[in-house]
Amino acid sequence: MGFGGGKVILVGEHAVVHGVPAIAAGVRRGVTAIAQCAEEDSLHLEPWGRTFRPDASSDEPLARAFDRILSSYRDRPPLRLDVRVDLPPGAGLGCSAALGVSLLDAVDKALGVQRSRAALGAVALEWERFFHGAPSGIDNIASAMGGVLCFRQGSPVRRISPARALSLVVAHSGQPSNTKDMVALVSQQLAERPAWARRMLDEVHALVLDAEIALRHGEILALGRALDRNHRILRSLRLSTPRLEELCAAARSAGALGAKITGAGGGGCIVALAGDSDHAIRIADSLDAESFVEEVSSAA
Ligand code: PMV
């Protein structure tokens with residue numbers, strides 16, 4: 001059995017595609033895969049009742065990505081993979097990365113391949129490319145490693161140990177988010193306004209540094225402010241929607257210390273920071289949306 005976790009990005013999505021660091025936190029929900037020897041290779045996605053065979057020339061990205069994963073193992077028996085998905089797809093929670101990580105993890109275990117979670121996450125980038133074009137790599141690394149991480153393309157990933165547990169509320173707008181389209185929208189705006197782009201990326205970089213200090217010192221008010229400031233930048237990049245604005249405003253009215261889009265935006269989820277776990281439950285209950293509370297442990 002293999003597992004890939006979901007994630008929320010606390011600060012720095014999109015800017016991370018352009019070389020700025022970002023901070024992600026793993027969530028407990030994720031994707032579980034079971035690999036078994038079989039007559040032929042197949043992938044079964046339980047929640048959607050869909051089956052795929054590996055096929056490098058298929059129109060279906062899942063069939064091509066599955067083919068790529070399997071062909072990275074030599075001298076293996078045919079495998080059947082059964083997948084249980086406990087994350088909404090297209091919601092900014094890293095569902096596709098979690099799927100790739102869970103499959104690789106399950107095949108590794110079935111074949112006795114040993115590798116670290118960091119190495120597993122790095123290999124899963126190949127899988128992500130079938131769905132998101134040129135992903136930064138944050139989703140696959142966060143999915144494999146869990147905990148709170150500072151990720152920057154081309155640099156070793158760093159774990160951050162928050163000085164105190166974080167109580168997060170994740171709420172779904174009910175609108176789908178398309179990462180590839182949103183990344184293209186941001187890249188287009190950055191290309192059109194290079195001086196503004198430089199300033200904006202510098203500002204996000206400073207926010208990520210502030211957020212890391214806040215996490216390390218347990219300063220949740222400062223962390224909340226960083227989330228709000230990051231949301232304003234994401235909104236200026238046209239990544240928000242009236243529904244996402246409504247959810248962020250409602251979370252703040254319920255006392256959230258900060259609230260923002262998480263992930264690609266244009267739909268998907270928001271993440272809000274609460275004072276403690278009871279407060280997080282109250283915020284979640286006050287939102288007219290599908291939501292869950294995530295406790296990010298200080299020991300992660
Ligand atoms: O695919 P999502 O919504 O989990 O977001 C991924 C984060 C982005 O920064 C928008 C894209 C990337 O590859 O880093």
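Modeller: This is a predicted model. The C-alpha centres of domain 1 and domain 2 lie 23 Å apart.

Colleague: Where do domain 1 and domain 2 run?

Modeller: Domain 1 covers 2-159 and domain 2 covers 162-296. Those bounds come from a domain assignment.

Colleague: How do you know that domain 1 and domain 2 are in contact?

Modeller: Contact needs heavy atoms within 4.5 Å. By that rule, 32 residues of domain 1 touch 41 residues of domain 2.

Colleague: What is the area buried between domain 1 and domain 2?

Modeller: About 2800 Å². Carbon and sulfur atoms give 67% of that area. Accessible area lost when parts come together is often used to state the size of an interface.

Colleague: Why is the pair of Arg158 and Glu212 called a salt bridge?

Modeller: The cut-off is 4 Å, from a side-chain nitrogen of Lys or Arg to a carboxyl oxygen of Asp or Glu. Arg158 and Glu212 have an N to O distance of 2.7 Å. That is within 4 Å, so the pair is a salt bridge. The rule finds 3 salt bridges across the interface of domain 1 and domain 2. Polar contacts there come to 11 residue pairs.

Colleague: Which elements give two or more residues to the side of domain 1 that touches domain 2?

Modeller: β1 (2-11), β2 (22-37), α3 (117-132), β6 (148-151) and β7 (158-160). β2 gives the most, with 7 residues. The residues on that side divide into 18 nonpolar, 8 polar and 6 charged.

Colleague: What makes Glu126 and Arg68 a salt bridge?

Modeller: Their side chains meet at 2.4 Å, N to O. The limit is 4 Å, so the pair qualifies. This pair links distant parts of the chain. Glu126 sits in helix α3, Arg68 in helix α1 (residues 61-71), and they are 58 residues apart. The total by this rule is 20 salt bridges.

Colleague: Which residues come nearest to the ligand?

Modeller: Lys7, Ser136, Asp139, Thr179 and Ala264, of the 17 residues around the ligand.

Technical notes:
Residues are numbered from 1 along each chain as its sequence is written. This is a predicted model: local features need pLDDT of at least 70, side-chain atom pairs count only at pLDDT 80 or more; totals for chains, interfaces and linings use all residues. Side-chain values use heavy atoms; hydrogens and water are left out. Buried area is the accessible area (1.4 Å probe) that two parts lose on being put together, summed over both. A polar contact is a pair of N or O atoms within 3.5 Å; within protein, one must be able to donate a hydrogen and the other to accept it, and residues adjacent in sequence count only if both atoms are side-chain atoms. Helices (H or I, at least four residues) and strands (E, at least two) are DSSP runs, numbered from the N terminus. Ala, Val, Leu, Ile, Met, Phe, Trp, Tyr, Cys and Pro count as nonpolar, Asp, Glu, Lys and Arg as charged, and the others, Gly among them, as polar. A residue is near a molecule or strand if one of its heavy atoms lies within 4 Å of it.
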